[in-house]
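Have a look first, then read on.

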Number of protein chains: 2
Amino acid sequence: MGKYIYFFGGGEAEGNAGMKNELGGKGANLAEMSNLGIAVPPGFTITTEVCACYMKSNGKYPSGLREEVKSALARVEKVTGSKFGHPDNPLLFSIRSGARQSMPGMMETVLNIGLTEKTLPGLIRKSSNERFVYDAYRRLITMYSDVVMEKATGTEPAEGEGIRQQLEREMEKMKRQRGAKDDTQLDTNNLKRLCQIFKEKVKAVLGKEFPDDPFEQLWGGIGAVFKSWNGRRAISYRRIENIPAEWGTAVNVQTMVFGNMGSGSATGVAFTRNPATGERQFYGEFLVNAQGEDVVAGIRTPQSLNRATKTRTSEHLPSLEEIMPDLYRQLDDIRGKLEAHYRDMQDIEFTIQEGKLYMLQTRTGKRNGAAAVRMAVDMCEEANISREEALLRVRPEQLDELLHPMINPKEEASAVKLAEGLPAGPGGAQGQIVFTADDAESWTAEGKKVILVRNETSPEDVHGMHAAQAILTATGGMTSHAALVARGWGKCCIVGCTDLNIDVANRQLKVNGEVLKEGDRISLNGTRGTVYKGSLPLLPADPQRNLYYKVLMQWADEARTLGVRTNADTPSDARMARDFGAEGIGLCRTEHMFFGPDRIMAMREMILSDTEEGRRRALDKLLPYQKKDFIGIFEVMEGLPVTIRTLDPPLHEFLPRDEVSQKEMAKEMGISLDAIKVKVNALHEINPMLGHRGCRLGVTYPEITRMQARAIMEAACELIKKGVRVYPEIMIPLIGTREELSNQKKIVVEVAEEVMKKYGVRVNYSVGTMIEIPRASITANEIAEVAEFFSFGTNDLTQMTFGFSRDDAGKFLPDYLENRILPQDPFQTIDERGVGELVALGIKRGRSTRPKLKVGICGEHGGDPRSIEFCHRVGMDYVSCSPYRVPIARLAAARGKLLEKSE
Amino acid sequence: MGKYIYFFGGGEAEGNAGMKNELGGKGANLAEMSNLGIAVPPGFTITTEVCACYMKSNGKYPSGLREEVKSALARVEKVTGSKFGHPDNPLLFSIRSGARQSMPGMMETVLNIGLTEKTLPGLIRKSSNERFVYDAYRRLITMYSDVVMEKATGTEPAEGEGIRQQLEREMEKMKRQRGAKDDTQLDTNNLKRLCQIFKEKVKAVLGKEFPDDPFEQLWGGIGAVFKSWNGRRAISYRRIENIPAEWGTAVNVQTMVFGNMGSGSATGVAFTRNPATGERQFYGEFLVNAQGEDVVAGIRTPQSLNRATKTRTSEHLPSLEEIMPDLYRQLDDIRGKLEAHYRDMQDIEFTIQEGKLYMLQTRTGKRNGAAAVRMAVDMCEEANISREEALLRVRPEQLDELLHPMINPKEEASAVKLAEGLPAGPGGAQGQIVFTADDAESWTAEGKKVILVRNETSPEDVHGMHAAQAILTATGGMTSHAALVARGWGKCCIVGCTDLNIDVANRQLKVNGEVLKEGDRISLNGTRGTVYKGSLPLLPADPQRNLYYKVLMQWADEARTLGVRTNADTPSDARMARDFGAEGIGLCRTEHMFFGPDRIMAMREMILSDTEEGRRRALDKLLPYQKKDFIGIFEVMEGLPVTIRTLDPPLHEFLPRDEVSQKEMAKEMGISLDAIKVKVNALHEINPMLGHRGCRLGVTYPEITRMQARAIMEAACELIKKGVRVYPEIMIPLIGTREELSNQKKIVVEVAEEVMKKYGVRVNYSVGTMIEIPRASITANEIAEVAEFFSFGTNDLTQMTFGFSRDDAGKFLPDYLENRILPQDPFQTIDERGVGELVALGIKRGRSTRPKLKVGICGEHGGDPRSIEFCHRVGMDYVSCSPYRVPIARLAAARGKLLEKSE
């Protein structure tokens, strides 16, 4: 182990912005700002390595740490000219977490460390503001007893109120007694008394005195922050964000500055550009005479930084530009300096203490998808960043927001408006109201769409926010917890909807005279901030109207080498995907085509036949339907390849399971119920996933393959005669051996030749296979001798490579993710070390016998950005994904190429 | 293409025994014998290449063939001094198939080719035997019309009588009219008339004249033999024996010699050693005045070659040694010459034509397992062959017969004897009577054990013979079709059981006054040839009493490097396997231990508990049982390693499915039926094979692993304290990731340490894993960092690598084997190219991180000889198989080593 402590402040620092792994994001940037000469309250950062060590040794610090803290403390005292614990000139600290990657609100913070009976008088003298000092003291007691004395010791009650809530109730009581509406209306004596009450309450509830030793407070705070790395909230957040547990957090111990020392003090947060739109305007909120937590918590309505960005809720309040123009100019200068230095939009925190501006934090700002796209394009055109950087600046997932549906404006015009709030996350959403995060999660698990409605959200609500369609809060501004988190996920969100009157206990809310109960439906326009009654229809997104998006996607297309196709079974899906930029169809499933009411009967007749002739008769009825389907799709995809998969699911999926439907079927088909039951039983499978399906159906019932090949080829021939360019690729599923494919290809080619002869045209068609059985990857060299293309079906390949049934894995997969036995759900992001190895092997072996083999992917991984980068790396020709994922795939493909280049 | 025709005869030949691929076994050996100076009727062989060409070109011969035939013919004419088709001195030919590997009776033969209206008088003059000539002529017409005119043209009727049966009925009619009991009682005029009738019948039934041109007959015969390679029987035999369709057959055109030219003529088949016991005695059968087909068909009772080998059925008949002592001596000389030359037991065919001995065939003789073992050991001790050769001479599967059960002799003594026949295949068997091969197959498919009872078997019956437990025929000798085929498979078989009176039409048989119907039970002692009424209990085999076996197995153990363990879950299985030579337990399943009536309740209580505490309480009840089980097994396996697998099957397997049993369970457990139903539903899985089982149970319910580890370790500790040497290997199933194994290993090690501390002893234990998930093989390098041993579970690995559910594959696997999409059932013999690749990869990667990793296999492939050779090749340390397969595995392991050395 090297150095544990890095000092910063006074225009110099031991660390820098490149040391995020050791110092965490916050610590590294405090160091960097200090080096840049920006005023930062002095302090020091304890490294993440200490956290790792602390966790491994069950709460012991590495030897030598205490000495390093001591000397860092001395250096801070020297720079600030005050002394920790000193009765005359006391130094106070904040203690904050700071991981490599920002985890907003997930870990603990303690402020005002160093306030004791002994230092109170000194601070009062120094600040000449007794009220302020006792206010700081009561905050310290609240935070410390909650974070250090209760949570960090694991004595937090599972149900009922924790110490923080009990103390807050004491304060409410005091306010009621004194007739105070607002915290600020409590006077010095009130607060002094409150501190007394608080300390007694802490002793009574927790059985321990609130510590009056500054060093005890300091080490208690440091330990509590480290412990909070393994708190429930942090763990749950890490799982969602895929942050490794090994990273650990750093701890920043920093001189306190106070935005609540009176009307010359203030505190705020700001973005160097608008994080919701990407516009190049300085955007932020602040409160006069407040501490930072007051802004974030959304208790008071924050003021805008400048005139230009006032919102509906802040338009009546003066901006910083208006009340402290000098300080605003200083801040605006720092804004420019930081953006130029970091070459990206910054999210900054500042405090003004009695007219002096301090920067408490800078970090690359979160932004929603639309803003990310606009900033990337703008910054590139401002020549700050290159095109490659611009492309890498937008996470492909962020495009999802631009592709999000919107409430249909026509319906919206006449909808019943319930309330308005701040548009914190764009897009439209509709769903049923729930009032708790747990309900949001459980209702969603039941397949319902819900909107989480809260007074304000806290990190405790993260799982429910993630599950919900959208989030609606009564309080909070654009930088509140709800807004930050929703923006990170590109989720529809409205905050500060002050008209809501929420009664969680009775699971209802009142809004402008209406009463809505749990389960009632509402709709949100997150782009405008409007809440509507009922379910309004959503319109698909139309990103084409967004110029920035169009520019960026064009750059992406120029950068990428990986093709992007779509999975589409209908002309309308195909149309939409083509509009989104799909370069062909990578997977057209044919089984859905058999479920139409007029078709299912013929399908069932086929299944119930015991002779080839009977099956053929039934298939003849299906042929015209299939042909028509293919004509529709080929027309839409004119000039582009269309990969059509032959029948895949086991036949029992086409028969009804319950007796009622079976009776109906018997009646309609004029056969006995018994005959149907016999067939259903005969087709029953223990493990249908590994049963009689895919090409195995085609081997036992070649007439099915024959009919499908005929439908495809006849559709193609008819269109080609009309001058339409059609490129069908016929794909045989579930191939495990070369011989299976030879068997099926022979049938397809025979039919194709016959049909082309009949129509007198040639079709440029090919026959290939899904690679979804592990054996197919292993013997890909043999299979490629027959297959003209491969398409990796990584859904099934993942099931078989892991031995996980997707239908059943819900019983253990949560435990696996919880225990980090799996780093992520392998059905969402490809498991590179296992399944990915098989994919890479399959491509290598396939191309060993057919060097120009065309290779794609059509599992759900084809729409997952990280998996798409993988597909690029292993040399695929294209990915295929659902229509809505096509733009995301285009950007991810570009990203794959750029990351490869930069290696 | 090279040469199509190879001449042999007159003490020389163009081919030799090494040319089996080109000339087939028969042709190559005829050439070899000719080169050895043994009298062989001259002729020529048309190569297998011509067959391949003939099949590919849909029945066309390669150009140049006719010329080559012409010149070979001229050469034969020169050696024999007679001329094909010549009216005065006609040459007659036999036309016989001959593939690389013997396929007895599976293809066609035509004799007496060259007899026409024009050549009949010349042959009569030459033989001075008009009756013989017309007998030969009626045989030609029968065979030719059947084989060439009907079968080869595909005009054989699907049902009802073919031309052969219709001609045979004409002959019976004639015999009845003339009062002839026997064919030989028909005189010249009768036969002459019969030939006339035959020709008319052929014309009437087939619409074509019987050809009267010798060359038309010759080419017709050659074509028919080639076509018979793709006949139904041949295809079905090839599938069973794994003979590739591409090989094709050669055709042997050979001068006819006649064993039916009077009392100085005879024909016979013989083995240079006894093929049923391996004894070094000349063993065979012959008939005076007969053609070869008469011996094989079993129509007349054959005579023994010598006094020493007379059987119950031939003891009243004179032997060849007695009636033709000179010729017997000549034959015995040839026997010695051939065995010395070929260094193996030979199966020979000979014909004596008017006092002159001709050899028609020699080939390595089929033998049953006991004979194979004895011959190998004897020949090695006679210094004919080396030990390595001796080991390679016995196919491991053949040992199966020595390991076959026998009828319990105690029960046999008092059993109701129905009849006696010839002991053609040793061992005991019991089952239900069926009378047709199709029934044998379909009843067996339903899970019944059947004995196929026939008058005589024909190649058409092969599929039923394969399916049946045993075969019983009324006619035929030790070299009859039934005997040969059964011996090849080591199947229990009794032939020539002349007391049986079989009525297939009414599905019953009469035997010594008893009437037995289809489905009635009988038992066979194939070693003695006795048939009993009812089901007699079978005793396990006791090969230890067979000295030859013991010697051979000792040699095998000295030769092999691959270890052999057993799969055993009980002390008695373990005991038996140890007696069979098992060197440890490779798989002890623990789930069967939970099914005892006293245990299942605790198991169910565990499953129904919703809390860890409840589960732990129930598991505490199971602990003493498990511990007792392990103590029993450890004691039996003292000094040897015992691999114990933790719980593997999904929990729903322990709950009853039907409501009746559920009600019972509810009552016994004192809970509601609903509670049980809820749990059954909750545990239901769509694909249980890929569901919540194996280590996934241990991850979600660590208390199960904990209990099992405790039971194992406590059992081990208690025994070690008593001085018993115990080596437990704890095996975690269904591992797919390193993290799963770490999770489970941690639990096991914790418990183990605790238990050892409690008992104050150290146990030499290890923790390893099954490799049965494709991902485990792929990431074996990671897993081996944690696993101390690997055991390949190739049953599941095959299921997942192919995506085949063993439970459901019955719906398509038969089609796959039929269409040769798969060369064999991959659950029986390991699929080397697919699953085998994963195994090899797993071993390589595993040893890359843990060079001394112990590797075994415990799937059913561990008892399959070809798979065992594979296991040796890929460097496994041991195979593990069911107790009865242990000796087979030992020999197969030796074979693997020897084959590797010889490469």
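Buried here means under 20% relative accessible area, exposed over 50%, and partly exposed in between, with a 1.4 Å probe and protein chains only. This is a predicted model, where local features need pLDDT of at least 70, side-chain atom pairs count only at pLDDT 80 or more, and totals for chains, interfaces and linings use all residues. Residues are numbered from 1 along each chain as its sequence is written, chains are lettered from A and ligands numbered from 1 in the order in which they are written, and side-chain values use heavy atoms, leaving out hydrogens and water.

Q: Is B:Trp219 buried or exposed?
A: The relative accessibility of B:Trp219 is 14%.

Q: What radius of gyration does chain A have?
A: The value is taken over C-alpha atoms, and the globule rule is 2.2 Å times the number of residues to the power 0.38. With 903 residues, that rule puts a compact globule near 29 Å. Chain A agrees with this, at 32 Å.

Q: How many helices and strands are there in chain A?
A: Both are DSSP runs numbered from the N terminus: helices are H or I with at least four residues, strands are E with at least two. Chain A has 35 helices and 34 strands.

Q: Which strand and helix do the buried residues of H4(A) pack against?
A: Helix H4 of chain A covers residues 120–127, and its buried residues include A:Leu120, A:Leu123 and A:Ile124. After the helix comes A:Ser128, with a positive phi near 50°. The buried residues of H4(A) pack against strand E5 (90–91) and helix H5 (130–150).

Q: How many aromatic pairs does the structure hold over all chains?
A: Rings of Phe, Tyr and Trp (its six-membered ring) pair if their centres lie within 6.5 Å; planes under 30 degrees apart count as stacked, over 60 as edge-to-face and the rest as tilted. Over all chains, the number of such pairs is 38.

Q: How far apart in sequence are the parts that A:Phe282 and A:Tyr328 tie together?
A: The ring centres are 6.1 Å apart with planes at 35°, so this pair is tilted. A:Phe282 sits in the loop between strands E9 (266–271) and E10 (283–288), and A:Tyr328 in helix H12 (residues 325–342). Both A:Phe282 and A:Tyr328 are buried. The parts they tie together are apart in sequence by 46 residues.

Q: Why is the pair of B:Tyr61 and B:Trp219 described as it is, and how far apart in sequence are the parts it joins?
A: The ring centres of B:Tyr61 and B:Trp219 lie 5.2 Å apart with planes at 55°, so the pair is tilted. B:Tyr61 is in the loop between helices H2 (48–56) and H3 (65–80), while B:Trp219 is in helix H8 (residues 214–228). The pair therefore ties together parts separated in sequence by 158 residues.

Q: Which residues is B:Arg616 in contact with, leaving aside neighbours within four places in sequence?
A: B:Arg616 lies in helix H23 (residues 612–636) of chain B. At 40% relative accessibility, B:Arg616 counts as partly exposed. Contact means heavy atoms within 4.5 Å. On that basis the partners are B:Glu703 and B:Arg706.

Q: What separates the C-alpha atoms of B:Lys78 and B:Gly10?
A: B:Lys78 belongs to helix H3 of chain B, and at 73% relative accessibility B:Lys78 counts as exposed. B:Lys78 and B:Gly10 are 68 residues apart along the chain, and their C-alpha atoms are separated by 9.9 Å.
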